[in-house]
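Thanks for asking me to look this one over. Here are my notes, point by point, for you to read beside the model.

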Amino acid sequence: MQPAKILPLNLKNSADSTTSEKPGKSSIQSGYTCPMHPEIVEADPGTCPKCGMALEPIEAQVDDKDSDEFRTMWLRFLVSSILTIPVFLLAMSELGSGIPFLNAIPEKAMILVQMTLATPVVLWGGWPFFVRAWQSVVLRSLNMFTLIGLGVSVTYIYSLVAALLPGLFPATLRSPEGSVAVYFEAAAVIVALVLLGQVLELRARGKTGEAIRSLLKLAPSTARRVEKDGVEKDIPIENINIGDLVRVRPGEKIPVDGMIVEGSGVVDESMISGEPIPVEKDLGDQVVGATVNQAGSFIIRTGKVGSDTLLARIVQMVSDAQRSRAPIQKLADTVAGYFVPAVIGVSVLTFLAWFFLGPEPGFAYGMVNAVAVLIIACPCALGLATPMSIMVSSGKGATHGLLFRDAEAIEIMGDVDILLVDKTGTLTQGAPVLSTVEVIGRIPENELLGLVASLEQASEHPLAAAIVDGARKRNLTLKRVDEFTSHTGQGVVGVIGDDEVIIGNSSMMTGFGVDCDYAKTIARELRDKGETVMYVAINGTMAGLVAVSDPIKETTPAAILALGREGVKVVMLTGDNKVTAKAVASRLGVDEVVADVLPDQKAEVVRKYQEAGHIVAMAGDGINDSPAMAQAQVGIAMGTGTDVAMESAGITLIKGDLQGIILARRLSRATMKNIKQNLFWAFAYNALGVALATGILYPVWGLLLSPMIAAAAMSFSSVSVIFNSLRLNRFEV
């Protein structure tokens with residue numbers, strides 16, 4: 001079997017997929033793993049030696065056609081069904097079907113025809129099940145295929161011996177023509193129905209991967225690289241390396257993540273932000289691969305390629321989540337571990353009870369009912385109950401900009417009762433903007449701001465850019481600055497025209513002999529609102545103040561209110577100072593604030609709440625939040641934050657606002673409800689089915705459950721679990 005085609009946004013070839021990280025290369029492990037047993041990693045596709053489930057690729061794949069495994073399983077099912085139908089009809093004729101042609105066939109010939117048709121069904125169609133059953137015995141990890149292999153092999157071998165060597169059986173089991181009853185139709189129908197269940201399962205898995213394939217197909221296949229001599233050439237995207245210059249023309253998809261170094265454009269970023277309004281991009285702005293440049297032309301310097309791009313990381317996170325298993329799956333695994341040997345024991349007891357206590361022929365009754373027990377008890381539905389719900393849920397979350405790293409995050413998120421949130425970049429936008437211009441004196445506001453911005457454009461202070469940007473948004477013209485001087489830790493001074501302009505803190509003003517007592521009162525009020533204040537003096541006289549702040553995200557207040565209604569206590573956990581933190585908290589209605597904390601102290605705060613018995617989630621966007629996010633039961637990263645934060649998180653909110661946490665909680669609860677429904681029906685089917693298969697109703701109503709009907713009931717339980725899981729696709733916020 002050949003692995004499906006991998007998009008260039010992953011690796012150039014599988015040899016590159018190692019644990020050593022190189023520019024433009026992936027650090028994602030290649031190979032195939034089991035959704036139920038992630039410790040199983042194989043180089044090639046196949047089945048899990050522990051549970052028999054199909055191994056899935058660790059790297060996300062783009063091939064939207066049926067997988068090789070699906071095509072192979074479909075072929076086995078198709079051929080087996082074609083051969084099984086006449087076997088079934090022949091068996092029915094023995095019960096008096098009334099079909100003249102079939103009734104005219106001699107009994108021995110009919111048995112040989114059934115044997116001839118059923119043999120390829122059992123030996124070829126059912127071969128994968130025998131391999132998995134043998135692996136389960138060798139590894140002492142009994143599973144559903146143990147029962148299938150045992151049930152089918154016992155039925156087929158018994159029928160084969162009865163067909164070829166009827167003389168070995170006692171006369172009470174032989175017909176007047178000397179034949180012994182055979183059950184080739186049961187073995188064939190069981191294989192065909194189990195194959196049907198496998199086909200439906202593989203098809204359902206394929207449906208859950210549509211979100212991944214849709215994301216993968218967003219990536220363009222080529223990029224226009226600008227060579228050193230200035231020549232532009234279209235090349236395959238896998239040949240783009242970090243640091244390359246790439247031209248993006250109007251209407252084109254941006255091929256990789258990078259920074260604009262020439263030109264400008266208007267980019268549709270709805271793929272990552274969900275916002276329909278295009279974003280203007282200029283020199284120095286970051287752009288994301290697979291977003292669309294709607295207008296303008298620009299050149300970007302490649303920053304991330306291959307599996308390091310945002311799109312590739314999103315895809316891989318969804319893929320990882322779909323393969324992972326929730327802690328609740330351990331319950332199903334544990335029960336299945338006891339269930340299989342228990343069923344084998346019940347099957348043996350059923351045979352012995354019918355053989356010694358049942359009507360004649362006791363051996364035949366005992367064998368038929370023992371096989372029926374093995375077949376109907378097959379825990380296919382138990383194996384599907386959790387993985388199917390997890391796969392559908394994680395795919396559904398991805399379509400809403402919600403990425404689950406693993407199944408554990410899906411399960412626990414619904415039980416979270418404490419949400420610790422970082423301030424900057426999580427509650428707020430994470431970038432300072434000009435918020436206040438306060439005039440003291442007669443100079444007009446815009447004139448004051450123009451002078452301040454003119455001076456600040458030469459400054460390297462982090463807040464200078466916010467002031468300059470604020471002036472440009474007011475369409476103010478910036479002037480030339482002479483004699484610019486920076487005073488580290490205090491401020492800057494320079495000459496603009498005939499005016500000496502001083503910008504800085506109170507110490508700066510005092511050093512230049514500027515009286516700022518009145519201004520300090522205004523500054524204190526602004527700081528109480530969470531703003532950072534700078535004094536402005538012109539020609540030695542206080543002229544006003546400018547302040548910058550990190551604005552609260554528009555969706556934050558409503559999200560915090562909604563979380564409170566759902567019983568989640570929100571606590572602000574920030575390294576910022578107490579004054580600013582409390583100012584933001586009061587505006588948002590956050591009752592508890594823990595400020596001035598270092599990264600390792602954030603983790604200690606998380607641990608404190610956990611020791612008090614709370615289920616804690618930590619939401620953040622920076623490297624400093626990573627320890628706390630890793631310590632929390634659920635780490636939540638803003639998609640607008642750093643790579644390290646996202647690597648530490650169980651959940652990533654692509655849009656970067658807290659509304660996604662509400663969605664995550666509701667989807668978590670819907671998923672857990674779905675899993676519990678699946679487990680209930682799986683256990684109910686098995687418990688009822690085993691009781692009926694033993695023949696418990698025979699003494700009262702004379703009813704027996706044939707192996708063929710048992711196989712149909714077993715497959716129906718698996719199908720019902722699959723379709724119940726797919727109902728999560730209809731989940732709405």
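1. A word on the basis. This is a predicted model, in which local features need pLDDT of at least 70 and side-chain atom pairs count only at pLDDT 80 or more, while totals for chains, interfaces and linings use all residues. Residues are numbered from 1 along each chain as its sequence is written, and side-chain values use heavy atoms, with hydrogens and water left out.

2. The chain as a whole. The protein chain holds 26 helices and 25 strands; helices (H or I, at least four residues) and strands (E, at least two) are DSSP runs, numbered from the N terminus. Of its 733 residues, 52% count as buried, where buried means under 20% relative accessible area, exposed over 50% and partly exposed in between (1.4 Å probe, protein chains only). Contact means heavy atoms within 4.5 Å. Among contacts between residues at least 6 apart in sequence, 67% join residues at least 24 apart.

3. Helices α15 and α16. Two packed helices are described by the angle between their axes and the distance between the axes. For α15 (residues 445–456) and α16 (residues 464–473), the axes come within 9 Å and cross at roughly 135 degrees. That makes α15 oblique to α16. Axes here are lines fitted to C-alpha atoms, for helices over the stretch in contact, and angles run from 0 to 180 degrees between N-to-C directions. Angles under 35 degrees count as roughly parallel, over 145 as roughly antiparallel, 65 to 115 as roughly perpendicular and the rest as oblique. The crossing of α15 and α16 is left-handed, a term used if the near helix is turned anticlockwise from the far one by less than a right angle (right-handed if clockwise). On the α15 side the contact is made by L449, V452, A453 and E456, and on the α16 side by A464, I467, V468, G470 and A471. These residues divide into seven nonpolar, one polar and one charged. In this scheme Ala, Val, Leu, Ile, Met, Phe, Trp, Tyr, Cys and Pro count as nonpolar, Asp, Glu, Lys and Arg as charged, and the others, Gly among them, as polar.

4. Helices α19 and α24. The axes of α19 (residues 556–565) and α24 (residues 659–693) come within 8 Å and cross at roughly 30 degrees. The two helices are therefore roughly parallel to each other. A558, A559, A562 and L563 of α19 meet Q659, I661, I662 and R665 of α24. By class, this contact has six nonpolar residues, one polar and one charged.

5. Aromatic pairs. Rings of Phe, Tyr and Trp (its six-membered ring) pair if their centres lie within 6.5 Å; planes under 30 degrees apart count as stacked, over 60 as edge-to-face and the rest as tilted. By this rule the count comes to five aromatic pairs. One of them, W74 with F77, is tilted, at 5.7 Å centre to centre and 45 degrees between the planes. W74 and F77 are about one helical turn apart, because they lie three residues apart in helix α1 (residues 68–94). W74 is partly exposed at 40% relative accessibility, whereas F77 is buried at 16%.

6. F355 and F356 form an edge-to-face pair, 5.0 Å centre to centre with 90 degrees between the planes. F355 is partly exposed at 38%, and F356 is exposed at 60%. Ring pairs link F351, F355 and F356 into a cluster.

7. Where does T426 sit, and what is it in contact with? T426 is in helix α14 (residues 423–427), and at 0% relative accessibility it counts as buried. Leaving aside neighbours within four places in sequence, T426 is in contact with V421, K553, T556, A619, G620, D621, M638 and L658.

8. V154, in helix α5 (residues 144–164), is partly exposed at 32%. V154 and M367 are 213 residues apart in sequence and 8.5 Å apart in space, C-alpha to C-alpha.

9. Backbone angles to look at. E483 has a positive phi of about 55 degrees although it is not a glycine. E483 is found in strand β16 (residues 482–487) and is exposed, at 63%. D596, also not a glycine, has a positive phi near 55 degrees. D596 lies in the loop between β22 (592–594) and α21 (599–611) and is partly exposed, at 43%.
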